[in-house]
Amino acid sequence: MTETLDLADTALNECDREPIHIPQSIQPHGFMLVLDLQSLTIRQGAGAIEELTGRKVWIDRTVADVLGDVADRAVRAMAAHQEAGFACRWRATNRLEYDVVVHRAPGTTAGAINDLMIIEVEQSSQQARLGVDLIASLDAAGAALERAVTIQTVCERAADAFRRLTGFDRVMIYRFVDNDAGCVVAEDRDPALDSFLNHHFPASDIPRQARALYVRNRARVIPDTGYRAAPLRPEGFEDLDLSDVAVRSVSPVHLEYLRNMGVGASASVSIVKEGLLWGLIACHHRTPRLMPRDIRIAAVALAGALARQIRAREDALRYRERLTLRAGEDALRPALFDADAPLGVLTDRIDDVQRMFGADGFAIVAAGSIQCSGATPDEAPLRRFAAWLATREEALFATRELSRDWPLAPLFGSFAGVLAVRLPGTDATLLWLRREQIEEIEWAGNPHKGIGHDPQATLTPRASRP
């Protein structure tokens, strides 16, 4: 078993080290040009540049030569003001419209990339929704989220809203939980598809550097999981950072992972709360499907509204908990201050003290007696635990997994959560106890499954089936 876990950890570490931000290639639903900011000429590119522009020669040419005067004026204006973002719409030789988006190339350790500008030309929606229609849809979705009472209801309504916005077969609200694993907490799907609701996914499914990219770049799309990557040409900028580029190619491991799930197209939108990645809106489609830039912008805006509503519900829950705690504290504090024997006050109000922290049981362990409220272990293990606490320097002890901290934890039976305080100036210890919460987790794949040990083998994903 140890060898299996070690091999699984090796796979996770390999995924974490994969340089997904510098793939040196793009997806084929658009093309990319790398512009020298000094000369404003093209030095590198990727994708079907010749076919879509009708230009056989484009290296060392200007944007006007390749994309025309309208795009050239927009790009030059953005370069002069060091701006990034949407530049203009452009029509290709195939008569389809494309969005021209400008990015300033991030700096690298070599330093030479700082003077480059990235121009991505991505296929746009050919039947774009009217602006007023899209805004009205977002407004209705935001209002539905505001009316939701609980976080669970917020997520369920968000899944429905995102599916109506994007048209994907399945939309999942995926929340990161302990140890960076993820859980599908809400889902809206075509009834013909299997459900992933409440399924857990191992941390290795979304490696550490991918989570960092999700915070920086809030939307990622893969219109066709069976695409063939278009490499940058000519070679020369191996360290070119494509983190902000929508047509950036993705990890071959992730593509195989999606194909193992029967996914033909994928889109992910980040749920970022207070600067941290809370979760993802994961969209899957059985066949290739484009998610154009205007829909992505709307999805990112809706994800921001979702994050705000999640925070509001969490803040409201914490506020209610603080009110309950403060009410108990206000009732207890005067009696403690006025009493000659505070321990007697705690004994007289032992049930109230138990309820203050939502404990299943509460015990006051002193040399001469033990007073209990609610469900507690027997007196003998309580005394042994209090004696063990007395050997520690800290007066406060808290754990959610007692077996990890105290060797004699089996004596406590089903109790796993403990909050303990040694009262100064007395021989008494206060113990708040919570029972073990047994949770059955349904994994979409084995999180501990090992891999064959072959140092020369290409890293591949597990078959991602329940």
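Visitor: Hi! Which residue in β15 is the bridge partner of Val365?
Guide: In this predicted model, Val365 has Ile370 of β15 as its bridge partner.

Visitor: And how do β14 and β15 pair overall?
Guide: The pairing of β14 with β15, which covers residues 370-374, is antiparallel and runs over 5 bridges.

Visitor: What joins β14 to β15?
Guide: A hairpin does, with 4 residues linking β14 to β15.

Visitor: Nice. Which residue in β18 does Gly361 stand opposite?
Guide: That would be Leu433. Strand β18 spans residues 429-435, and its pairing with β14 is antiparallel over 5 bridges.

Visitor: Is strand β14 largely enclosed or open?
Guide: Enclosed: 5 of the 5 residues of β14 are buried, so the rest of the structure largely surrounds this strand.

Visitor: Which residues sit on each side of β14?
Guide: Gly361, Ala363 and Val365 are on one side, while Phe362 and Ile364 are on the other. Both faces are covered, with all of these residues buried.

Visitor: Okay, helices now. At what angle do α5 and α9 cross?
Guide: Roughly 15°, and their axes come within 10 Å. Helix α5 is residues 131-147 and helix α9 is residues 293-338. At that angle, which is under 35 degrees, α5 is roughly parallel to α9.

Visitor: Is that crossing of α5 and α9 left-handed or right-handed?
Guide: The crossing of α5 and α9 is right-handed.

Visitor: Which residues make the contact?
Guide: On the α5 side there are Leu134, Leu138, Ala141, Gly142, Leu145 and Glu146. From α9 the contact includes Asp294, Ile295, Ala298 and Leu302. Sorted by class, the contact of α5 with α9 has 9 nonpolar, 2 polar and 3 charged residues.

Visitor: How about α6 and α9, at what angle do they cross?
Guide: Helix α6, residues 151-166, crosses α9 at roughly 175°, and the two axes come within 10 Å. That angle is over 145 degrees, and α6 and α9 are therefore roughly antiparallel.

Visitor: Which residues of α6 meet α9?
Guide: Among them are Ile151, Val154, Cys155, Ala158 and Phe162. The α9 residues they meet include Ala299, Ala303, Ile310 and Glu314.

Visitor: How many nonpolar residues does the contact of α6 with α9 have?
Guide: There are 14 nonpolar residues in the contact of α6 with α9, along with 2 polar and 2 charged ones.

Notes: Residues are numbered from 1 along each chain as its sequence is written. This is a predicted model: local features need pLDDT of at least 70, side-chain atom pairs count only at pLDDT 80 or more; totals for chains, interfaces and linings use all residues. Side-chain values use heavy atoms; hydrogens and water are left out. Buried means under 20% relative accessible area, exposed over 50%, partly exposed in between (1.4 Å probe, protein chains only). Helices (H or I, at least four residues) and strands (E, at least two) are DSSP runs, numbered from the N terminus. Two strands pair if DSSP finds at least two bridges between them. Axes are lines fitted to C-alpha atoms, for helices over the stretch in contact, and angles run from 0 to 180 degrees between N-to-C directions. Angles under 35 degrees count as roughly parallel, over 145 as roughly antiparallel, 65 to 115 as roughly perpendicular and the rest as oblique. A crossing is left-handed if the near helix is turned anticlockwise from the far one by less than a right angle, and right-handed if clockwise. Contact means heavy atoms within 4.5 Å. Ala, Val, Leu, Ile, Met, Phe, Trp, Tyr, Cys and Pro count as nonpolar, Asp, Glu, Lys and Arg as charged, and the others, Gly among them, as polar.
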